[in-house]
Amino acid sequence: MITLYDADRCPYCARTRIALAEKGVEYETVEIDLDDRPSWIYEKNPLGRVPVLEDDTFVLAESAVINEYLEERYPEPALWPLDAAERAYGRLLVFRFDQLSKPYYALRRGEDGADERLDAELAKLNAILEAQPFLTGRAYGLADIAYVPWLLRARDRMGVELRSYDALAQWLERLSERPAIAAELDVVAAL
Ligand SMILES: N[C@@H](CCC(=O)N[C@@H](CS)C(=O)NCC(=O)O)C(=O)O
């Protein structure tokens, strides 16, 4: 049985919720109160962070690594493309995710200039999506899943205007038609 140590408001957890849903994996959830974390969570992840995935006795932290594990453990439906170069580019985007998250969290903290910095990153994502339909490449997959939780929260919780980023806004609309992303939209609406 798979257990996900999870928190609704955590976009990193959302990455794993979405991957599990896309793969149709049954799992149980243990909701962690991020404002009052149980001490035992440090036994599962010394950093005390969620998500943590438990697969029988195997315990794994780090959303990007968890999603790679899920991709290998449950290969169908595939969430990385077959083409090696396309797959490498998708992984590069996941690897460089901090370029988006740094200005995102800076904006949440109300730092001066954070909105311009976030705008610059949104413009870069928009340019990628003008050239290809998904961040993962020609098809939807793990790079899209790595970014979409922050974009949903930026738009719906932080009032970040995405309409001027046409390709990005259309990508978000396309993704929102997927049941796994629609379920995450419900989570965001209830925060
Ligand atoms: N790099 C980690 C980040 C996970 C993370 O920062 N989770 C937050 C909740 S969104 C957390 O547990 N924060 C508690 C803390 O940092 O102490 C991942 O990708 O899983």
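1. Basis of the note. The model is predicted, so that local features are taken up at pLDDT of at least 70 and side-chain atom pairs at pLDDT 80 or more, while totals for chains, interfaces and linings use all residues. Residues are numbered from 1 along each chain as its sequence is written, and side-chain values use heavy atoms, with hydrogens and water left out.

2. Surroundings of the ligand. The ligand is surrounded by Cys10, Pro11, Tyr12, Leu34, Arg37, Arg49, Val50, Pro51, Glu62 and Ser63, where a residue counts if one of its heavy atoms lies within 4 Å. This shell holds six nonpolar residues, one polar residue and three charged residues, with Ala, Val, Leu, Ile, Met, Phe, Trp, Tyr, Cys and Pro counted as nonpolar, Asp, Glu, Lys and Arg as charged, and the others, Gly among them, as polar.

3. From Val50 it is a polar backbone atom that lies 2.8 Å from a nitrogen atom of the ligand. Of the 510 Å² of accessible area that the ligand has on its own, the protein covers 76%, as computed by the Shrake-Rupley method with a 1.4 Å probe.

4. Cis peptide bonds. Val50, whose backbone was named above, is joined to Pro51 by a cis peptide bond with omega of about 5°, and Pro51 is found in the loop between helix H2 (41-44) and strand S3. A cis peptide bond also joins Glu76 and Pro77, with omega about -10°; Pro77 is in the loop between helix H3 (63-73) and helix H4 (84-95). Helices (H or I, at least four residues) and strands (E, at least two) are DSSP runs, numbered from the N terminus.

5. Strands S3 (residues 52-55) and S4 (residues 58-61) pair in the antiparallel sense over four bridges, pairing being assigned if DSSP finds at least two bridges. Asp55 stands opposite Phe58 in S4, and two residues lie between the strands. Asp56, in the loop between S3 and S4, has a positive phi of about 60° although it is not a glycine.

Terms used:
A polar contact is a pair of N or O atoms within 3.5 Å; within protein, one must be able to donate a hydrogen and the other to accept it, and residues adjacent in sequence count only if both atoms are side-chain atoms.
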